[in-house]
Amino acid sequence: MNLKEFLPENAVLPELTALSETAVLSELIEPLLALHPELNGAEVLAILQEREALGSTAVGDGVAIPHGKIDGLGRLALAVGRSVGGIEFKAPDKEPVHLFFLILAPENEPGSHLRLLAQIARRVKDPLFRADAMNAQGRSQLWQTITEP
């Protein structure tokens with residue numbers, strides 16, 4: 001599974017301005033709404049917030065992978081955001097989150113959603129990958145860092 005398939009460059013946000021959990025989810029949703037006009041932003045936000053209420057999708061080491069299943073979505077959608085200052089996201093290590101990988105999955109395709117989630121989880125365990133993502137200059141370089149195999 002190649003991240004380039006699901007992550008268009010314009011869905012990479014190298015400088016998130018959000019300062020709260022809800023605001024970062026809303027900011028990450030925005031580029032996906034432009035790419036998927038069938039989505040309703042308020043509904044997507046509610047689904048993501050419901051998922052966060054079950055337990056934070058922050059995985060530690062400054063990374064969170066918020067995700068949700070969306071009825072009517074035709075294919076997986078991915079957005080990535082970076083917050084240099086970090087955002088409180090109830091991480092298990094109590095540290096702020098700097099890298100966000102938002103996954104929206106079609107309701108009827110649980111397998112592809114889990115494969116993408118696992119692939120991202122493997123990548124973000126690598127300290128060198130996280131450092132490269134944090135040091136990338138601008139959208140294009142961040143996109144290349146994230147999508148290179």
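**The aromatic pair and its surroundings**

Reply: To begin with a single residue of this predicted model, Phe89 has a relative accessible area of 0% and is therefore buried.

Me: Where does Phe89 lie, and with which residue does the aromatic pair link it?
Reply: Phe89 is in the loop between strand 5 and strand 6. Its partner sits 11 residues away, in strand 6. The pair joins distant parts of the chain, and the partner is Phe100.

Me: Which kind of pair do the rings of Phe89 and Phe100 form?
Reply: The count of aromatic pairs comes to one. The ring centres of Phe89 and Phe100 are 5.2 Å apart, and the planes stand at 75°. Planes over 60 degrees apart are classed as edge-to-face. The pair is therefore edge-to-face.

Me: Is Phe100 buried or exposed?
Reply: Buried means under 20% relative accessible area. Phe100 has 0% relative accessibility, so it counts as buried.

Me: Is Leu3 buried or exposed?
Reply: Leu3 lies in the segment before strand 1. Leaving aside neighbours within four places in sequence, Leu3 is in contact with Leu78, Leu116, Gln119, Ile120, Arg123, Ile146 and Thr147. Its relative accessibility is 3%, so Leu3 counts as buried.

Me: How many Å apart in space are Leu3 and Trp143?
Reply: In sequence, Leu3 and Trp143 are 140 residues apart. From C-alpha to C-alpha, the distance in space is 9.8 Å.

Me: Which residues of helix 5 are buried, and what covers them?
Reply: Helix 5 spans residues 138-147. The cover over its buried residues includes strand 1, strand 5, strand 6, helix 3 and helix 4. The buried residues themselves are Leu142, Trp143, Thr145, Ile146 and Thr147.

**Polar side chains and loops**

Me: What does the side chain of Arg130 reach at 2.7 Å?
Reply: Arg130 is found in helix 4. With a relative accessible area of 14%, Arg130 is buried. Not counting residues up to four places away in sequence, Arg130 touches Asp61, Val63, Leu99, Val124 and Lys125. What its side chain reaches at 2.7 Å is the backbone oxygen of Val124.

Me: What is phi of Asp61?
Reply: Asp61 lies in the loop between strand 2 and strand 3. Its phi is positive, in a residue other than glycine, and is near 55°.

Me: What is phi of Lys94?
Reply: Lys94 is found in the loop between strand 5 and strand 6. At 70% relative accessibility, Lys94 counts as exposed. Although Lys94 is not a glycine, its phi is positive, at about 65°.

Me: With which side chain does the side chain of Lys90 make a polar contact?
Reply: Lys90 is found in the loop between strand 5 and strand 6, and at 56% relative accessibility it counts as exposed. Leaving aside neighbours within four places in sequence, Lys90 is in contact with Glu21, Ser56 and Ala58. The polar contact, at 3.1 Å, is with the side chain of Glu21.

**The whole chain**

Me: What pattern does the protein follow along the sequence?
Reply: The protein has five helices and six strands. Read along the sequence, their pattern is β-α-α-β-β-β-β-β-α-α-α.

Me: What radius of gyration does the protein have?
Reply: Of the contacts with a separation of 6 or more, 69% are between residues 24 or more positions apart. Of the 149 residues, 48% count as buried. A compact globule with 149 residues would have a radius of gyration near 15 Å, and the protein agrees with this, at 14 Å.

Conventions. Residues numbered from 1 in each chain as written. Predicted model: local features only at pLDDT ≥ 70, side-chain atom pairs only at ≥ 80, totals over all residues. Heavy atoms only, no water. Buried < 20%, exposed > 50% of the residue type's maximum accessible area, 1.4 Å probe, protein only. Helix = DSSP H or I, 4+ residues; strand = E, 2+ residues; numbered from the N terminus. Contact = heavy atoms within 4.5 Å. Phe/Tyr/Trp six-rings, centres within 6.5 Å; stacked < 30°, edge-to-face > 60°. Rg over C-alpha atoms; globule rule 2.2 N^0.38 Å. Polar contact = N/O pair within 3.5 Å; in protein donor to acceptor, adjacent residues only side chain to side chain.
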